[in-house]
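Open the model in your viewer and keep the selection panel at hand.

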Amino acid sequence: MMIRDILIGTAVGDAFGAGVEFQDRTWIKENVDFSTFINARDLIQVSSDKKEIFTRNYNPWDYTDDTEMTIGLIKALCSKEDFSEGLLIRKWKEEYDDGIKRKGYGRNGHGSMGWYYSGEKTIEEIRSFQRHRPNPGNAPAMRSVFLGLVNEDLINDYATINANATHPNINALISSQCIARASEYMLVKKGNPSKIIEYCFSKVPLNDEYKNYLHAVDKIGLHDDLSEDELITLCGCQPIEAPYFLSGIKGLPSDSKFTTGAVLYILKNVENAFDALKKSIFLGGDVDSVASITTGIMAGCFGLEDIPAFMIENIENITYLESVAENFKQNRS
């Protein structure tokens, strides 16, 4: 397991996915062959007054909040302080502010945390917003991969803290724990991928909604593409319906449960990091979080050799990513 490969794989999946996120899966299959970077953010089907949210301060190969918040979590793990919600919020804010110093502007991609960074809402107001949502956002899941590398007895507790820091919502909490346990299973225990959902059942206290969902996901066959019924099982109603985002397209909505199910399904069904990237992107919809998680985990398992060189060469600030990874590695030894 190479810590460097996990973080760079995370950033590659995140950055490549950001270029085509919220596009219909049919459009992606017709336009994305992974031979070059595609920036389709100005094609996202939202009203003109909202389009700036997706294009402002965005440049091709920028990683998004997925990688930025993962780095903040890594730095919290490397600190000498007790792992807590307050520590995480501080490290995420520091990483966001450091990004402004490096880039001259705040990173694109932040959802409700953008309100906190701008001063529009307090962190308690953001927690209240997320607490009872039926479709909590991806953030707790997308930043949980490195929690799978802590002491086994701490994983669920740390994943709970990670979720409650911003999304004190039962499905967000379960998502955080499932992704952390999937990471542990693949990277530490070197488990059989076909048993990854069974492992989550054994390690995560799932509610009935999650149990029924993951049981259904586990029955989806392993093959290169999903049937219409399988896509509905994995990603919910198709095309996506409001309040799930982005309504009107086919693919994965912005929702922690469906993101987690998609990650587990892909990890069962891929051979290397590039395969994980491709299958994640071909889902359509909110693909950058899924791609960051699966590409990062599979890069940790099998390295980055199968990732096209141009992706690694163009990823934002690779020297910085390597230094963050090295610091985490030193703190684990």
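Start by selecting α7 and α9, two helices that are roughly perpendicular to each other, a term for angles of 65 to 115 degrees, while under 35 is roughly parallel, over 145 roughly antiparallel and the rest oblique. Helix α9 covers residues 155–166, and its axis lies 7 Å from that of α7 at an angle of about 105 degrees. Axes here are lines fitted to C-alpha atoms, for helices over the stretch in contact, and angles run from 0 to 180 degrees between N-to-C directions. Helices are DSSP runs (H or I, at least four residues), as strands are (E, at least two), numbered from the N terminus.

Before moving on, a word on the model: it is predicted, local features need pLDDT of at least 70, side-chain atom pairs count only at pLDDT 80 or more, and totals for chains, interfaces and linings use all residues. Residues are numbered from 1 along each chain as its sequence is written, and side-chain values use heavy atoms, with hydrogens and water left out.

Now show side chains at this crossing. From α7, I123, I126, R127 and Q130 meet N164, A165 and T166 of α9, where contact means heavy atoms within 4.5 Å. The classes in this contact are three nonpolar, three polar and one charged. Nonpolar covers Ala, Val, Leu, Ile, Met, Phe, Trp, Tyr, Cys and Pro; charged covers Asp, Glu, Lys and Arg; the others, Gly among them, are polar.

**Next selection: α1 and α4**

How do α1 and α4 run relative to each other? They are roughly antiparallel: α1, residues 3–20, packs against α4 at about 155 degrees, with the axes 9 Å apart. Pick L7, T10, A11 and D14 in α1, and you will find D66, T67, T70, I71 and I74 of α4 meeting them. Four nonpolar, three polar and two charged residues make up this contact.

**Next selection: the pockets**

On a 1 Å grid over the protein atoms alone, a pocket is an open set of points with protein on both sides within 12 Å along at least five of seven lines, a cavity is a set where a 1.4 Å probe fits but cannot get out, and lining residues have an atom within 4 Å of a point. Grid points are joined across faces, edges and corners, and a volume is the space filled by probe spheres set on the points.

The largest pocket has about 1,200 Å³ of volume. To centre your view, select I53, G109, H110, G111 and S112, the nearest to its centre of 42 lining residues. Helix α6 gives the most to this lining, with five residues. Colour by class and the lining shows 15 nonpolar, 17 polar and 10 charged residues.

The second largest pocket holds about 230 Å³. Sixteen is the size of its lining, and L77, C78, S79, V150 and Y158 are the closest to its centre. Both α4 and α18 (318–332) give two or more residues to that lining.

Select N57, Y58, D62, Y63, T64, R107 and N108, which line the largest cavity. The space inside is about 30 Å³.

Stay on N57, in the loop between α3 and α4. Most residues other than glycine have a negative phi, and most peptide bonds are trans. N57 has a positive phi of about 60 degrees without being a glycine.

Jump to N317, in the loop between α17 (309–314) and α18. Phi of N317 is also positive, near 55 degrees.

Finish in the loop between α13 (228–235) and α14 (256–268), where P243 sits. The peptide bond from A242 to P243 is cis, with omega near 10 degrees. L246 is in the loop between α13 and α14 too, and a cis bond with omega about 5 degrees joins F245 to L246.
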